[in-house]
Amino acid sequence: MPFLQIVARSASGCSRAIGNLVYPPACPGCGRMTGSHAGFCPACWREVRFIERPYCEVLGLPFSYDPGRGMLSAEAIADPPVFDRLRAAAIYEDSARNLVHSLKYRDRTDLAAMMAGWMLRASEGHVEACDAILPVPLHRRRFLSRKFNQSAELARHLARQAEKPFFPATLVRVKNTRRQVGLTARARAENVRAAFSIAPGHEADVFGKRIVLVDDVFTTGATVSAATRALRKAGAADVTVLTFAMAVSTPI
């Protein structure tokens, strides 16, 4: 092995050792010490409810029984979404909720790679078939206060793992909206109405393309629907919404 490569590996190992002393490996769900970073303890791991088939082909909502492949939920039939399909990795509860909060509010950007890996699996090939990956953007004022966009962190790692183009500056939030937390579904939709646009000069990133739109959590769908409308207006051929978690009261 070349001398410089040996030195580089030794330096990397020292950096990891020092990092473990400053930030000891801890479970992102409960904070207990673990053997490695970005790893759950057994108790928190058992709490993660991954979304598996059977589920609605359009909204990705899990069914409590198997109605057969290709079936749609009553929600998808009664109120078809503007996007083509939604997929999520886990149900938004317990350890999965803690993971989202750690990334979003506790600056645990180191968790994004693991979360993106689960999202890639949940996409069922739609990431591999897409032309580009776009995150749901923050308004510039929100970005300055938060310092990073959790959706962009997930999308960046997703694009890297799938070897797909990542366009973080294509979709922009032109309206400084209120926080969606605590608002009704109707108020959420009104809050984000016309909140998104395609950045000037980036129209070719979207026109005729199959887009994967990434967000951290799907609740009422108001935000991703508003973002999808901007993509549709710009000529997107297909839009898959991919989130880490989905708020589900009970399986259908």
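What volume does the second largest pocket have? In this predicted model, the second largest pocket has a volume of about 630 Å³. Its lining is made of 32 residues, and those nearest its centre are Lys104, Gln180, Asp215, Asp216 and Thr223. Two or more lining residues come from each of α4, α6 (140-146), α7, β5 and α9. By class, the lining of the second largest pocket holds eleven nonpolar, twelve polar and nine charged residues.

The largest pocket contains about 750 Å³ of space. Its lining comprises 34 residues, with Asp79, Thr220, Gly221, Ala222 and Ser225 lying nearest the centre. The elements that contribute two or more residues to this lining are α8 (185-191), β4 (196-198) and α9 (222-233). Of these, α9 gives the most, with six residues. The lining of the largest pocket divides into 21 nonpolar, seven polar and six charged residues.

The axes of α5 (residues 112-122) and α7 (residues 150-162) come within 8 Å and cross at roughly 60°, and the crossing is right-handed. On the α5 side, the residues that meet α7 are Ala112, Ala113, Met115, Ala116, Gly117, Met119 and Leu120. On the α7 side, their partners are Glu153, Leu154, His157, Leu158, Gln161 and Ala162. This contact consists of nine nonpolar, three polar and one charged residues. An α-helix has 3.6 residues a turn, so residues three or four places apart point the same way.

How enclosed is α5 by the rest of the structure? Helix α5 is largely enclosed, because eight of its eleven residues are buried, that is, under 20% relative accessible area. The buried residues are Ala112, Met114, Met115, Ala116, Trp118, Met119, Leu120 and Ala122. Their cover includes α7, together with α2 (42-47), β1 (85-91), α4 (94-105), β5 (210-218) and β6 (238-246). Just after α5, glutamate 124 adopts a positive phi of about 55°.

Proline 168 is partly exposed, with a relative accessible area of 46%. Proline 137 lies 31 residues from proline 168 in sequence, and the two are 7.7 Å apart in space, C-alpha to C-alpha.

Notes. Residues are numbered from 1 along each chain as its sequence is written. This is a predicted model: local features need pLDDT of at least 70, side-chain atom pairs count only at pLDDT 80 or more; totals for chains, interfaces and linings use all residues. Side-chain values use heavy atoms; hydrogens and water are left out. Axes are lines fitted to C-alpha atoms, for helices over the stretch in contact, and angles run from 0 to 180 degrees between N-to-C directions. Helices (H or I, at least four residues) and strands (E, at least two) are DSSP runs, numbered from the N terminus. A crossing is left-handed if the near helix is turned anticlockwise from the far one by less than a right angle, and right-handed if clockwise. Contact means heavy atoms within 4.5 Å. Ala, Val, Leu, Ile, Met, Phe, Trp, Tyr, Cys and Pro count as nonpolar, Asp, Glu, Lys and Arg as charged, and the others, Gly among them, as polar. Buried means under 20% relative accessible area, exposed over 50%, partly exposed in between (1.4 Å probe, protein chains only). On a 1 Å grid over the protein atoms alone, a cavity is a set of points where a 1.4 Å probe fits but cannot get out, and a pocket is an open set with protein on both sides within 12 Å along at least five of seven lines; lining residues have an atom within 4 Å of a point. Grid points are joined across faces, edges and corners, and a volume is the space filled by probe spheres set on the points.
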